[in-house]
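Here is a short briefing on the charged side chains of this protein. Have a look at the sequence and model first, then follow the points below.

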Amino acid sequence: MTSDSIPVPETGRRCPEPLYGPEFAADPAAAYRRMRRTGPTAPVELSPGVRATLVTGYDAALHVLRSSETFSKDSRRWQDMADGTVPADCPVAPMMAYRPNALLTDGPEHRRLREAITDSLGGVEPHALRGYVEQSADALIDRFAAAGEADLLAGYAQPLPLLVLNQMFGCPPEYGERLVEGMAGIFELVDAEKANELLTRTVGALIALKREKPGRDVTSRLIAHPARLTDEELVHTLVLLIGAGTEPEQNLIANSLRLLLSDDRFAGSLSGGSLPVEDALDEVLWTDPPMANYAVHFPVHDVLYEGTLLREGHPLVISFAAANTDPALAAEQHPGNRAHLAWSAGPHSCPAQGAARLIAAVAVEKLLDRLPDMELAVPVQDLEWRPGPFHRALAALPVSFQPAVVTRAAAAGRGAADRRPAGDEASAAADRRDQAPPGGGAVHRRPRRR
């Protein structure tokens, strides 16, 4: 159906649902229920005055994600920004405005940029990655193990992905801290323009550093890739990769720990069964995906979908959280089913989902192994969520536990691992797995809840 032949539906106007502020952050599921009453799409505001259409139905989300000939990722098509209705410095611009990277391009350009990403990430050996995570997790746990209490978000879930990415991308620690600061500001819409500038400037400095001193890291492989990314493409490809590897990853770790510490199904006693950490990750990816609403698309022409007119150039935001919890899928949400959309779908599905899942699983398993008697320090319903239209992110995750100490043997083992040269990560990881107790990632404990 062409845009000229599409009749404008005679439906009542719906007020756009705001996806920002503490009310939405506290109970997004209630907002999704309200929006579903009128069909698989609904009008929303991403920030004050920034209108979009949220796709809440699972089938509708798949249709958009897989129909690249009709729904483009190129945000230069965003008409409200092109005509000045939405200013270029609006809070959501850093997450939606055009960047020359694989996320925001279509066709041959998308394939060229994505190939550079997949090849560069493919150089990260899984055993080495596990070693990075285990070393980083042990170092962080050592900082609070003797205290008997911790905020697992600020003290663990947030810094751990950064430490791992510093290794993967050959990034000096001070650069990594600035990158996380920039990404947090963008996601929370707090001085997002300034945060975006910090992020871009820091990535540019990292590229200059790796041009001068290349290494066996993702950044150096991107620079040397046959796709010959321009300096601008390199900057925005690294912004994409580092952004995807920090904020969403910390949310996946924290949201999984929250579930494991608050749901008796995942807390088997010594005499009862237990579900593995992998199943907890699956449930979080279904019900509380770390990127709740994203994958912005733009219709290339007016489209009539399920009685709703989707206007050319008007942003369509996929609600992974709402689509995954579509009532029509109730029977599908069971352990082992990974048909959720947390990693998106279609040509722009996450190219690093295996690595992201491995990082989260090892991080959770290591923490539960080291501090098996952890419990939430506040009732689960009192935990607060950070506002923002795109992520599903806790503000804090306070826990308490019996104070633990680092044994001399464990400390010596970690010291030896830290002294290994960069090429020995895989053998170090293998050594640790050989010495690890059996259990396969299952949660053999019952955390106490208040």
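The structure holds 20 salt bridges, each being a side-chain nitrogen of Lys or Arg within 4 Å of a carboxyl oxygen of Asp or Glu. This is a predicted model, in which local features need pLDDT of at least 70, side-chain atom pairs count only at pLDDT 80 or more, and totals for chains, interfaces and linings use all residues. Residues are numbered from 1 along each chain as its sequence is written, and side-chain values use heavy atoms, with hydrogens and water left out.

**Arg357 and its partners**

- Glu278 forms a salt bridge with Arg357, with the closest N and O atoms 2.7 Å apart.
- Glu278 lies in helix H14 (residues 277-287) and Arg357 in helix H16 (residues 353-370), so this pair ties together parts that are 79 residues apart in sequence. Helices (H or I, at least four residues) and strands (E, at least two) are DSSP runs, numbered from the N terminus.
- Glu278 is partly exposed, with a relative accessible area of 29%, while Arg357 counts as buried at 11%. Here buried means under 20% relative accessible area, exposed over 50%, and partly exposed in between (1.4 Å probe, protein chains only).
- Arg357 also meets the side chain of Asp282 in a salt bridge (2.8 Å, N to O). That pair links distant parts of the chain, with Asp282 in helix H14 and Arg357 in helix H16, 75 residues apart.
- Asp282 counts as buried, at 1% relative accessibility.

**A loop-to-loop pair**

- The side chains of Asp288 and Arg392 meet in a salt bridge (3.0 Å, N to O).
- Asp288 lies in the loop between H14 and strand E6 (293-299), and Arg392 in the loop between strand E10 (375-376) and strand E11 (398-400), so the pair ties together parts that are 104 residues apart in sequence.
- Both Asp288 and Arg392 are buried.

**A salt-bridge network**

- A network of salt bridges links Asp138, Asp142, Lys366 and Arg370.

- Asp89, Asp191, Glu193 and Glu197 form a negative surface patch. Patch residues have over 30% relative accessible area and no salt bridge, and like charges are joined within 9 Å; Asp and Glu count as negative.
- Glu197 lies in helix H11 (residues 192-212) and is partly exposed, with a relative accessible area of 44%.

Technical notes:
Patch = residues over 30% accessible without salt bridge, like charges linked within 9 Å, V, L, I, M, F, W, Y side chains within 5 Å. Areas by Shrake-Rupley, 256 points an atom, 1.4 Å probe, with all protein chains shown as cover. Charge placed at Lys NZ, Arg CZ, Asp CG, Glu CD.
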